[in-house]
Amino acid sequence: MASVKFKGELEVNLSGTEVKVGDLAPVVSAVGADLSDVKIGGQQGIAQIIIAVPSLDTGVCAAEARRFNEEAAKISNAELIIVSMDLPFAMKRFCTTEGIENLKVASDFRAKAFSKSYGVLQANGPLAGLSARAIFIINASGKITYKQIVPEITSEPNYAEVLEAAKEATTTSCCGSCH
């Protein structure tokens, strides 16, 4: 199973089922800011960019959410979903306060289904029980086309790499035969 670092020193093991690029994305439900079900994974007919963060209540996670909110306007034919263990009410308050309008938020607090199914649940360390920082891109056919587990929990992801992979996934998201 994968592991990441916390503040450069502590090794944090990730638990759950590790998914790989090329796998069909597991279908899970999380809770939206309005308490509705948010379906993640599977064949959605549109690409999904899944942004997993430990908590929107931290500086790094907030900065990441703001950056992806800005970038979302440049990504067509995709749904951007930020997933954390934050309660839906806190997520909604965060989005309102920060002006986050281009991302869908999903709370994994109930069953941790996303974190377990995608292998990003922190098993130890001070943030045990929260998701690691990770990005998954799922094409319209439901295949994982990109995966980034950020090696240092307190660092932001490689945005350039994510955005390039998103561009590729959304321009070939119909089925691959029309491009």
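User: Buried means under 20% relative accessible area, exposed over 50%, and partly exposed in between (1.4 Å probe, protein chains only). Is glutamate 98 buried, exposed or partly exposed?

Analyst: This is a predicted model, where local features need pLDDT of at least 70, side-chain atom pairs count only at pLDDT 80 or more, and totals for chains, interfaces and linings use all residues. Residues are numbered from 1 along each chain as its sequence is written, and side-chain values use heavy atoms, with hydrogens and water left out. Glutamate 98 has a relative accessible area of 32%. That value makes glutamate 98 partly exposed.

User: Which residue forms a salt bridge with glutamate 98?

Analyst: A salt bridge is a side-chain nitrogen of Lys or Arg within 4 Å of a carboxyl oxygen of Asp or Glu. Here the closest N and O atoms are 3.0 Å apart. The partner of glutamate 98 is arginine 66.

User: How many residues apart in sequence are the parts tied together by arginine 66 and glutamate 98?

Analyst: Helices (H or I, at least four residues) and strands (E, at least two) are DSSP runs, numbered from the N terminus. Arginine 66 forms its salt bridge with glutamate 98. Arginine 66 lies in helix α1 and glutamate 98 in helix α2 (residues 88-98), so the pair ties together parts whose separation in sequence is 32 residues.

User: How many salt bridges does the rule count?

Analyst: Side chains of opposite charge can pair when their charged atoms come close. One of the pairs is lysine 74 with glutamate 71, at 3.3 Å. The count comes to 8 salt bridges.

User: Which residues are linked with Glu71 in a network of salt bridges?

Analyst: Glutamate 71 is buried, at 10% relative accessible area. Lysine 74 is exposed, at 64%. The network links Glu71 with Arg67 and Lys74.

User: Why is strand β5 (residues 47-52) largely enclosed by the rest of the structure?

Analyst: In a regular strand the side chains alternate between the two faces of the sheet. In β5, Ala47, Ile49 and Ile51 point one way, while Gln48, Ile50 and Ala52 point the other way. The strand is largely enclosed because its buried residues number 6 of the 6.

User: Which residue of β6 stands opposite isoleucine 51?

Analyst: Two strands pair if DSSP finds at least two bridges between them. β5 and β6 (residues 78-84) pair in the parallel sense over 6 bridges. Opposite isoleucine 51 stands isoleucine 82.

User: Which residue of β9 stands opposite isoleucine 49?

Analyst: β5 and strand β9 (residues 134-138) run antiparallel, joined by 5 bridges. Opposite isoleucine 49 stands isoleucine 137.
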